[in-house]
Amino acid sequence: MGDLVQAELRKTTTTTLWWALLIPTVLVALGGGLLSGLLGQSIVEVFSSSEAEQLSDALGVTPDQWKFSLLGIGRTINLATMFPLIFGALAIANEVGTRTITTTFLTAPSRVHAMAAKMMVYALWGTIYGLAIIGFTALGIVLTSNSGQMPDAGGWAMLTLVCVLSSILMTMFGVGLGALIPNSAGVVVLLIMYFLVIENALQLGLRIAGVPETAVGFLPNGSVDGLTGSVAVDLFLADAGVVPEEGVYWLRVIAGAGGAQAWWLSGLIFLAWVAAAFGGGWARMTQKDIT
Amino acid sequence: MHDGSGLIAVQNLTKQFGSVTAVQNLSFTVSPGSVTGFLGPNGAGKTTTLRMLLGLVKPTSGTATINGRPFHQLGRPGRVVGAVLEAQGFHPNRTARNHLRVYASAIGVPDAQADQVLGLVGLSTAAGRNVGGFSLGMKQRMAVATALLGDPQVLVLDEPANGLDPEGIAWLRNFLQSFARMGRTVLISSHLLAEVEQTVDQVVIVSRGQTMYYGPLEHLRQQQQRRVFVQPSDVGALATALREAGVQALEQLPDGRLAVSGMDAKQVADAALRAGVSVYGIQEEQADLEQIFFRLTSGQFAGHAPAPYQQQQGGWA
Ligand SMILES: Nc1ncnc2c1ncn2[C@@H]1O[C@H](COP(=O)(O)OP(=O)(O)OP(=O)(O)O)[C@@H](O)[C@H]1O
Ligand SMILES: [Mg+2]
């Protein structure tokens, strides 16, 4: 098994895809961090003006201490994990496309071994992408906001955990779907369309149709977004003092956790989606005639 | 675990792709120590059979084993069997050396083996180049190199001569023969008997998914009736003498020679001597294997000459 893992690792490091996708990942993370920091900082400045201060004092809230930049982190992670998702999707789709899958299966004790080795290596890559994402998002925020806008060490640890988890799960979702639809262009277009357009339209449709808000949290993007968004909102609320109920709703929507369950439950829901995609892809690849 | 015998056994193998029967109740065995040709026209089911043997295609029924085991029970298959299936299966942007190193680690052999097989197939100087830029023949050599990585006991090759230059074909021929002489097993498919005639000892001939002939190439040659061409000083006298000796099939050729069936050259010469006829030239016809091959396999997907010309029969069937 160690041999196969090394082989799969070499497959990923001997072509340029990993850094070709890591560059935009880092740019999105850094850009998202910078933007979150800037927006958070300017919102705080608006609230710190004297008139606003009178208003907030009257309401008994303290928005000048709110860490708005936190809300952008969840969004940034969600957008940046599109790249590990694509990286995962190409794992098997590219092998089927270039027909290297034949040699892969000929040199492994069984297809199950080959797939398992691939899974481990892509989990590792998911971790690497996840660390890059949280690292560069943090860098962007550090560069643009003062320390009052930033979470404490425990908060960063929590954000790192969910960012890496989210990245691993997105990568795995990609691997599964790429096995289910082993066509590189097709599966990449489908995933981008789904995560950026289709599900957003679906969420909007559900809201318009008056379906309970929580339904959104059970969709793939709704749940994976909830995994990071919920943590961002939790961290925000922990230091925010009094926040009106209506305000919490909008905070969740802004953070990308609208309608989502608690972070861990959101993670489990997305894990179920990953398992479904992976199970389907696994079944397809272990049965498929390679002609 | 496998028995290390080097034996390939195909038994009642059948594969149905929807309504297409690619392989039908095929049986044959391949022994170590010889090169076995797997022959049949296009669409006969050769590739499908080899892929079933290699566990890439699931048989509808029947079994195919290497060393007494189906492929997925070989344990470390890369060390038992090497396969050349097509001049594809390379990431275009991966270098030749890196491609081989990927699979060297999958098989569990040292990285040095990658450079070794590159040298063996004559691609050492291209080791650092991306395989996407290789010519067809270079890719075919890469496929052979990949097959040899695990120093396997059994080699399975599907039309490996495709795209190879004459030098490459000669190299492959010698390589396969010496490989077999080491007591290993070689199964090589082709749709051209002539292409492998000088390489193989045994043949399995398939057509429409079924076995048409299976045995030594020599026996196939002997099935063909031999003819002797003789140029006598007196055609009439020799013909009379031969008829008296019991020869039925005699044919006079336009160039004045006699074509004699049912006798070898020596017998014809002796008959001429007894009849007092001089012999100016005599030769035995080589058995035309290609014709036997045609007879065994003709029919499927037989092409036709384009209508306006109509001078030739047959296409690539
Ligand atoms: N994946 C597939 N789906 C449907 N039919 C297939 C598939 N693969 C092969 N066939 C059919 O099976 C038959 C045998 O094909 P196969 O490729 O095994 O022939 P072959 O002997 O290798 O021919 P060639 O000399 O052209 O390589 C053909 O009729 C082919 O169309
Ligand atoms: Mg073929």
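Predicted model: local features only at pLDDT ≥ 70, side-chain atom pairs only at ≥ 80, totals over all residues.

Me: OK, and how much area do they bury?
Reply: Chain A and chain B bury about 2500 Å² between them. Of that, 54% is on carbon and sulfur atoms.

Me: Which three residues supply more of chain A's share than any other three?
Reply: That would be A:R10, A:L106 and A:T107. They supply 23% of the area that chain A buries against chain B.

Me: How many salt bridges are there between the two chains?
Reply: The count between chain A and chain B is 4 salt bridges. One of them pairs B:K15 with A:D289, and the closest N and O atoms there are 2.8 Å apart.

Me: What about polar contacts, how many residue pairs?
Reply: Across the interface of chain A and chain B there are 17 residue pairs in polar contact, with both residues at pLDDT 80 or more.

Me: Switching to the rings. How many aromatic pairs are there?
Reply: The count is 13 aromatic pairs over all chains. Take A:F87 and A:Y129: their ring centres are 5.4 Å apart and their planes sit at 40°, so this pair is tilted.

Me: Where do those two lie in chain A?
Reply: A:F87 is in helix α5 (residues 82–98) and A:Y129 is in helix α7 (residues 111–144), so the pair ties together parts that are 42 residues apart in sequence.

Me: Are they buried or exposed?
Reply: Both A:F87 and A:Y129 are buried.

Me: What about A:Y249 and A:W250, how are their planes set?
Reply: Their planes are at 80° and their centres 5.1 Å apart, so that pair is edge-to-face. A:Y249 is partly exposed, with a relative accessible area of 32%. A:W250 is partly exposed too, at 46%.

Me: Last one: which residues form an aromatic cluster with A:F87?
Reply: A:W18, A:Y122, A:W125 and A:Y129 form one aromatic cluster together with A:F87.

Definitions and conventions. Residues numbered from 1 in each chain as written. Chains lettered and ligands numbered in written order. Heavy atoms only, no water. Phe/Tyr/Trp six-rings, centres within 6.5 Å; stacked < 30°, edge-to-face > 60°. Helix = DSSP H or I, 4+ residues; strand = E, 2+ residues; numbered from the N terminus. Buried < 20%, exposed > 50% of the residue type's maximum accessible area, 1.4 Å probe, protein only. Buried area = accessible area lost by both parts, 1.4 Å probe. Salt bridge = Lys/Arg side-chain N within 4 Å of Asp/Glu carboxyl O. Polar contact = N/O pair within 3.5 Å; in protein donor to acceptor, adjacent residues only side chain to side chain.
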